[in-house]
Amino acid sequence: MPYAVELEGVRKSFGQFVAVDDLDLRIPLGSVYGFIGPNGSGKTTTLRMIMRIYLPDRGKVCVLGDSSWQAASDRVGYLPEERSLYKQMKVRDVLRFFAELKGCRDSKKPIETWLERMNLAAWGDKKVDALSKGMAQKVQFIATVVARPELVILDEPFSGLDPVNMEVFREAILSLRRDGATIIFSTHDMAVAEKMCDAIFMIYKGRKVLDGTMESIHERYDADTVRVKLEGKPSLEGLDGVLQVVDFGQYQELRLDPTTDSQRLLSSLMARGPVQLFEKTKPSLHTIFVRIAAPTEESGHA
Amino acid sequence: MRKIWVIAVREYLSAVRSKTFLVTILFMPILMGASIGLQTLFRKMEEAKDKRYAVIDRTKDQKMLGFLEAAFQALEMEKAKIPEIEKVVAGKVNLVAIPPSEDTPEAMAQQRFELSNQVEAGQFEAVIEIGEKIYEPNLAQLLAPGEKLEESRVVRFQAKNVQAFGFRSILGMLINKGVQMDRLEQKGLTKIDIAMSQAPVSIRAKALTRPDSKTGKLADAADETPIINMILPGALIGLMFMVITIGATPAMHGVIEEKSQRIAEVLLGSVAPFQLMAGKLLGLVGVAVTMAGVYLGGGLYLADHFGYYDQIPIRVLLWFFPMLVLALLIFGSIFIAVGAAATEIKDTQTLLMPIMLIACLPFFALTPIMQEPNGTIARVCSLIPFATPMLLVARESVPPGVPWWEMTLGIVLVLASTALCVWVAGRIFRIGILMHGKPARFIDLVRWAIRG
C-alpha cells in the first residue's frame, strides 16, 4: 500500500531532552489521520520532522515518496499550531503570496473559491489586522490549502473555534479528503478525532502508544466499561470489582476488573438506588487517552 | 530560486511601501531643495543689500581710501567673470568716508563710540580706521615681529561681531597691496614693473604618474580636485554605511516580528530556512540599492547644481553599486541571523555589539585612511572584509585609484567572506527562527554556527 508519510526509527532530541524516540509510523495515502497526545508529548516535533523543519537525529522520514532533505515540498500544506499572518497585508495578497511560495502561479480562481466557501469573500481586500480571530484562522487555513497540496498537515486546526466555524472547518477538511488529499491533524478534542479520523496515532512522552484504525484500537480494549446512571446520584465508591469510577455529571463510567461479573455489579448498584441506565461498553477514545496519560497510571501504558 | 524571489519581492514591497522608507527617501529631496533654496535665498538677500562701511582714513590726502574705492570697484567688475568672489565678498561694497576726528585720544574714542552706535543701529557693517603712518616702512616691525604696533601703524576693523572673515581677508590683501605698490613706486618703479614682479606662480596639485593600464604609455596623472577629494571618499563611505544600516535594521526587526508573531513557522512550511533568509537578504539588497540610487541621484543633481559635476569620477559610481551589494550581503546576513536569534528588539543590541565592534574596527582608522588613501593603514584595512567594500570605493574615488591587484584581492576576499557569512547566518537562522523563550547569547550563536 502506498504511503503519504513513512517514519522509520525516528529519534529527535533537544540537548538532554528526547522529544521523539524510536518512532515508526505509516500514514496511507488518502486517509485522515489524527495525532493525539498530551501537551509536550512530541506531536508538534513529529509534525515538524514530517515537514522537514526539523531533521531527525536518527531514522528515516519519507514524505510522498521523497526522502530527500531539501526544501519543504510544494505538495504539502502545513498549518502550524502557533500561527499568524502578516498583519499589514491584505487577505488576497497574503493568500497569493502563500500560493506563489508553493509554486501556484495562477492562484486567483482557487483563492476566490476558498474565500467564498469560507464566507470571507467580502473580506478579501481588508488587511489581516482587521479580521476577527476566527476569520484569521480561516484565512490561515486557506493559505495552507490554496495550492492544492496532496498532503495537508494541520496542527491543532480546531483550537479556539466556535461550533459554527468548527463545522465549516470540518466540512472543508473532509472536502479535501474527497478531492484525494491525505490529511494529518493533531487535536485535543477526542470526540472530533473519533468522528473524523480513519486512524489515530497517539504519542506519549516521545513514544508511540497507540496507532491504528478506530476499529483496531477499540478491538484492543475489552468491553470493560459500564456506563451507569442512578436516581439520586448516590456514591458509587467501594463497589466490588470496580477499578475506577469516573463521574461525568449526568452519568458515571465504571472501569471493571476483567473478572467482575456484570450481573452481580448490577444488583449491587440496585441496592444503592433505582438504576436508570446500565450500559456495557468499550472505552471511548477519551477514556483510552486518559488511561494512558493520566498521572496515576504513568507506568501502566502500553 | 523562485521561492527566494517570491520572498524577496514581498520583503521589498512591504519595506518600500512602509512609511519609514518614504520618510527616509523624501528626506533627501527635502534636504536638497532646502539647501539650494536657502542658498539662493541668502544670496538674494545679500545681493539686495549694499554693504556700507564707515572709513576713517588718517593717511595723508586720504590716499588709502582713494585706493580702496578703486580696488573694490574693480572687484565688483571681476565678480561678473569669477563668481567665486561673490562667495567671499557678497553684495556691493560701499565705502563711506568719515572725516577723521582730532588726533587726541578723547576725540578719537568719542568718534569710535558714535560710529559704533551707528554700526549697532545697522547703518554700517563695520568701521575701518586707517592709521596715519601705515605707508611708512617700519624697521622695528621687521626686527621684532611679535611687538605690538602703535595704533597709527595699523588698520582697525570694528564690527558687531568680528567674523566677516572673508571680507576682512580681502580688505587686508587690498590694503597691503596698496601700501606695497606705494612703497615700490617711491623706489622709482612703474606700475607695470610692480605688477610684473608681483605676478603669482600657481601650484598645480597632481596625482602620481602611472603607466596607462591599456597602452602601457606613461599617462599624465589626473589633476587633483581638492574639494571633491575631500568630500567624495567620506561621502561614499557615509552613504554606504547609512544605507546598510537603514536597509538592514528593518529586515532584522522583520525577522523578530515574524518570530514573535509566529509567522515564521507558517513560512517554513513552504520554504527552507535558507531560502527564507536568502529571500530576505535579496529584498534588503533591493531596498538599500533603491535608497542609495535615490540619494546618489540627488547628490549628483546637487553636484551639478553647484558646478562640481565634472569633477566627480563616474567610474567610481560604477564601482559603488557592486561594492554596496557585497557589503549589504555581509552585513545584511549578520543582521538577519541576529534577528532570528533574538526574541525581542532589545536582545539584538547585546548580540550585535561584539559583531559590530569587529566589523567597525577598520573605521577607527578612518582619519589616516582619508588623509592618505593609498597609505599602509588604508591598504591593510581595506583587506579586512567587513570594511573592504567601503574602503575600496572610497580609495578608488581618489586618484590614482586602487591598484588592480589590490582590487582583485579585495573582491575575492569579500566574496569568500560573503559566502561564509551567508552560510553561517543560514545555520544560525535555521535554529534561531523556531526558538522561543529565552533569548540566545552570543556564545549560542557561535555554537549554532559550528554545530548547525
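Visitor: In β2(B), which residue is the bridge partner of Arg52(B)?
Guide: This is a predicted model, where local features need pLDDT of at least 70 and side-chain atom pairs 80 or more, while totals for chains, interfaces and linings use all residues. Residues are numbered from 1 along each chain as its sequence is written, with chains lettered from A and ligands numbered from 1 in the order written. β1(B) and β2(B) pair (at least two DSSP bridges) in the parallel sense over 5 bridges. In β2(B), the partner of Arg52(B) is Asn94(B).

Visitor: Which residue in β3(B) stands opposite Val55(B)?
Guide: β1 (residues 51-57) and β3 (residues 126-130) of chain B run parallel and are joined by 5 bridges; strands are DSSP runs of E with at least two residues, helices of H or I with at least four, numbered from the N terminus. Tyr53(B) faces Ala126(B) in β3(B). Opposite Val55(B) is Ile128(B).

Visitor: Which strands of chain B stand at the edges of the sheet?
Guide: The sheet is open, with 4 strands in the order β2-β1-β3-β4 and mixed pairing. Each edge strand has a single partner, so one side of each lacks a neighbour in the sheet. The edge strands are β2 (93-97) and β4 (155-159).

Visitor: How many of the 7 residues of β1(B) are buried?
Guide: Helix α3 (residues 63-81) lies across β1, β2 and β3 of chain B, and helix α5 (residues 105-120) lies across β1, β3 and β4 of chain B. β1(B) is largely enclosed by the rest of the structure, because the buried residues (20 or more other C-beta atoms within 10 Å of their own) number 5 of the 7.

Visitor: At what angle do α2 and α4 of chain A pack?
Guide: Val91(A), Val94(A), Leu95(A) and Phe98(A) of α2(A) touch Val139(A), Ile142(A) and Ala143(A) of α4(A), contact being C-beta atoms within 7 Å. The helix axes, lines fitted to C-alpha atoms over the stretch in contact, are 8 Å apart. The angle, on a scale from 0 to 180 degrees between N-to-C directions, is about 30°.

Visitor: How many residues does chain A give to the contact with chain B, by class?
Guide: The contact takes 19 residues from chain A and 17 residues from chain B. On the side of chain A, the largest share, 4 residues, comes from α2(A). With Ala, Val, Leu, Ile, Met, Phe, Trp, Tyr, Cys and Pro as nonpolar, Asp, Glu, Lys and Arg as charged and the others, Gly among them, as polar, the side of chain A has 11 nonpolar, 4 polar and 4 charged residues.

How values were computed
Contact = placed C-beta atoms within 7 Å. Buried ≥ 20, exposed ≤ 12 C-beta atoms within 10 Å, placed from the backbone.
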